[in-house]
Amino acid sequence: MRTRTHPHPGTNPLTAVRNLGILAHVDAGKTTVTERILFATGAIHKRGEVHDGTTVTDFDAQERARGITIFAAAVSCAWDGHRVNLIDTPGHVDFADEVERSLRVLDGAVAVFDAVAGVEPQSESVWRQADRHGVPRIAFVNKLDRAGADLDTAVASIRHRLGTVPLVVQLPVGREDAFTGVVDLLRMRALLWGAGAGAYATAPVPEELREEALRRRRLLEETVAELHADALEEFCTAGSLTEATLVRALRELTLAGDGVVVLCGSAYRNRGIEPLLDAVVAYLPSPADMPAVQGRPADPAQPLAALAFKVTATATGRLTYVRLYAGTLRKGDTVLDPGTGRTERIGRILRVQADRHEEREEAVAGDIVAVVGPKAARAGTTLCAPGAPLLLEPPTVADPVVSVAVEAGRSTDTGRLAAALARIAEEDPSLVVRTDAETGQTVLSGLGELHLEVAVEKIRRDQGVEVVVGRPRVSYRETVVDGVAGLVHRHVKQDGGAGQFAHVVIDVEPLGEPGFAFRSTVVGGRVPQEYVRAVEAGCRDALAEGPLGGHPVTGLRVVLTDGATHSKDSSELAFRAAGRFALREALRASALELLEPVAEVTVTVPDESVGAVLGDLAARRGRVTGSATRAGTAVVTATVPLAELFGYASRLRGRTQGRGTFTTRPAGLAPVPAGVATTLLAR
């Protein structure tokens, strides 16, 4: 078992660090993979199981009760002289924002796929998230011991659904229950595991697999040669590639995102984990491989640059999880939050092992640690050296799509509930708390029903506050179908002292996609640039409530075409007000339509239940986009309004005698049919 913790002599210590996430669809075996990695590296001495609620990373009571990962958990281990910092991320769509925040600070990732199902909806979603962040990945096809498992089918789904080039470096030995190991196609040897939890044994390639192994090795060489210039030159000269050339080329293709190395195994049976760790070390980047952050390289001697990506409240205090990109952070240091201009003191530095912590005197570039001390830092806050300020790009936060009204079960708990809601929104930026202007109710908004259920249960459990929850509601949007041109608004206010004057002329037009765009075509300096920015800010203010039903407005472009100023009474405040009132007036004069969030739903049911399920989807305004049959079951894909999915789980179980399952992922916004919109707006 290779667990040496110190880097090889003469090397940059940063090259011996790997910061990676484990990404997957729910139930693909992601947490089990993490658990087996910790066991293989000696970080734990007893294997935990998800179904027993004994895994290291699913330590929260709700995670253990539900059997899924809800909160991203950080752990650390050592393998072959390398420090491996792992983040086990959630696989359920409602917690995609946890994945987003984790990917922002990771250097690489292992994508786990089910060998039976292949690429599933959330597998694709987290893959696209990693694409946006440019995170290099390797793939692990898990559960090869299951009935119906097929590596080639899973690899084909990776190629076709993810649009990448799979570089398969292993061949399974045995199928389904008889799966006992893999053939290493680089070294042309078999790695075989026994029935226990011991390490693998190496052996010659089984005779019955030798011809197939040689064929696949040749295919790997040809694929690598097509993608890598140096490998192509060697292939053309020698007719084959050496092991060293393959390893070097696979690493460079992985880092460039031109291909994905594919390994396989069964995490539950502890087969394939050690080769996966070898691949993590061989192919995924170290902090030293990453580009400098705003000109500041990953060097402990540089001024500090760190990004907070997670905040949690624990029994021992407030923990802020940070990734150090440059510099050294020591206990007692004072750091700057350049976003607010305030300084924070670092009281303690902790290396995190899920819910356990090990105190450290310092952390250096490349480390992921938790710190105690900062009181105002949030996810996305930059922490840097006071004498060398810089601002790092924060993770994006998804817009909420589902809301519920919440109130305290006892009037005496109202204050405690407000404090608990503020705390939970601080920990999870994708949760939004607001007060409804019409009803005075407190409204909690999030990314899905389960997201809100977990948040409410966390308040009940951690704060002891009884919470009464209303029926879920989705977050609608309004959009411009047909705009207006040349709308003139003149803002004049004179009530003693300095007055306010701003004259603007705007066009409003559909953007064709969600979002807001603003530009100015004013010439001749008729509206100074600082006032143009103020008009844009005022227009953004006006987007908060549309004229149809008070919903946020999206999907429009505003063009400032003309304007006028007053030598004394014009100001940024006046032009901001003019922009706000002008856009409100323009929206009332435009043709608008209501948009609703929709989800792509994948339903897996027995063949005999397909008719009932299709009828139910149609009744929910679903539009079927695909269907397939697989081993006696049907897989139906449909686009369904999110508002129609509340309670779908129990309805599906009833129509399939408990054998149907479904998954969802966000599919954007879609127009609400006229009849439904009329009913909604009349409420």
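Reader: By class, how many nonpolar, polar and charged residues has the lining of the largest cavity?

Author: This is a predicted model, where local features need pLDDT of at least 70, side-chain atom pairs count only at pLDDT 80 or more, and totals for chains, interfaces and linings use all residues. Residues are numbered from 1 along each chain as its sequence is written, and side-chain values use heavy atoms, with hydrogens and water left out. A cavity is a set of points on a 1 Å grid over the protein atoms alone where a 1.4 Å probe fits but cannot get out, and lining residues have an atom within 4 Å of a point. With Ala, Val, Leu, Ile, Met, Phe, Trp, Tyr, Cys and Pro as nonpolar, Asp, Glu, Lys and Arg as charged, and the others, Gly among them, as polar, the lining has six nonpolar, two polar and one charged residues.

Reader: Which residues line the largest cavity?

Author: About 50 Å³ of space lies in this cavity, a volume being the space filled by probe spheres set on the grid points, which are joined across faces, edges and corners. Its lining consists of Ala74, Val75, Ser76, Asn85, Leu86, Ile87, Arg351, Val352 and Ile368.

Reader: How are helices α6 and α7 oriented to each other?

Author: Helices here are DSSP runs (H or I, at least four residues), numbered from the N terminus. The axes of α6 (residues 207-227) and α7 (residues 229-238) come within 6 Å and cross at roughly 125°, with axes fitted to C-alpha atoms over the stretch in contact (heavy atoms within 4.5 Å) and angles from 0 to 180 degrees between N-to-C directions. Angles under 35 degrees count as roughly parallel, over 145 as roughly antiparallel, 65 to 115 as roughly perpendicular and the rest as oblique. The two helices are therefore oblique.

Notes:
1 Å grid on protein atoms, 1.4 Å probe; cavity = no way out; pocket = protein on both sides within 12 Å on 5 of 7 lines; lining within 4 Å.
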